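Please look over the sequence and the structure before reading on.

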Amino acid sequence: MLRNLALAGVLAAATAFAAPASAAVIFSDNFNGENAGNGALNFASFTNWNVLGGGTVDLIGVTGGYDLLPGNGLYVDLDGSTGKIGALTTKATFGPDSYTLTFSLAGSQRQDGNDTVDVMFGSTLLQSITLPDSANFSTFTINFTAASTEALAFIGQGPSDNQSLLLDNVVLSTADQQPVPEPMTLALFGAGLTGLALRRRKKA
């Protein structure tokens, strides 16, 4: 009986210890709610983003006008229509933690060759991505650990020709963490091992 109880304690502790921690989405934007669902050149009134760097970005994807990849709702051209690229930066900042960032990027669709976007967290370059103008939307994933509180940014790189990579579906989540055993879990685990030891000593 004692052995069975001890084994039950070990199994309960092991089960609790192995329970996975789940990721949590802390930021998500597909741009479809901007500007009452309408596109706009040199758009700067984003709900969740600031346009910095002295340049501009275009909010496009409207049926019948600047819908370069139909069926994707609204999305952002990271080089607006003023001849100077803007930096799209989150209004929110995110503190020290481990994160998973996913987003969709496509080529400019306008036969201008390759374009590049730098994905930044504060002053840290997370990844520099170059795509040909003909590339359709693809999903990219970046896992990173932040040591300080910063904003997330997507910065188009030259040339400033009023067309760059297209951005959509930005999601930032806390990364899955290894579970940390709670004190009660450790106590159950210890009790189970103690019970097994006593059982073996009694037999000896």
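N42 counts as partly exposed, because its relative accessibility is 31%, a value between the 20% limit for buried and the 50% limit for exposed residues. The model in which this residue is seen is a predicted one. N42 sits in the loop that runs between strand 1 (24–29) and strand 2. Its phi is near 55 degrees, a positive value in a residue other than glycine. Most residues other than glycine have a negative phi.

Q109 also has a positive phi, of about 70 degrees, although it is not a glycine. This residue belongs to the loop between strand 6 (97–106) and strand 7. With a relative accessible area of 25%, Q109 is partly exposed.

The loop between strand 6 and strand 7 also holds R110, which is linked to D77 in strand 4 (residues 75–77), 33 residues apart in the chain. The link is a salt bridge, in which the closest N and O atoms are 2.7 Å apart. Side chains of opposite charge can pair when their charged atoms come close.

Five strands form an open sheet in the order 2-5-10-7-8, with antiparallel pairing. At its edges are strand 2 (49–52) and strand 8 (124–131), each of which pairs on one side only. From one strand to the next, the twist averages 20 degrees. Within the sheet, strand 7 (residues 115–121) and strand 10 (residues 152–157) are joined in the antiparallel sense over six bridges. V117 has G156 of strand 10 as its bridge partner.

The interior comes last. In soluble globular proteins, nonpolar side chains tend to be buried together. The largest nonpolar core here has 33 residues, and those touching the most other members are F31, F46, L88, L101, F103, F154 and V170. Strands that each supply at least two residues of this core include strand 2, strand 7, strand 10 and strand 11 (166–174). Which residues surround F154, leaving aside its neighbours within four places in sequence? Its contacts include W49, L78, L88, L101, F103, V117, V119, L167 and V170.

Note on methods. Residues numbered from 1 in each chain as written. Predicted model: local features only at pLDDT ≥ 70, side-chain atom pairs only at ≥ 80, totals over all residues. Heavy atoms only, no water. Pairing = 2+ DSSP bridges. Helix = DSSP H or I, 4+ residues; strand = E, 2+ residues; numbered from the N terminus. Axes fitted to C-alpha atoms, helices over the stretch in contact; angles between N-to-C directions. Buried < 20%, exposed > 50% of the residue type's maximum accessible area, 1.4 Å probe, protein only. Core = buried A, V, L, I, M, F, W, Y, C linked by side-chain atoms within 4.5 Å. Contact = heavy atoms within 4.5 Å. Salt bridge = Lys/Arg side-chain N within 4 Å of Asp/Glu carboxyl O.
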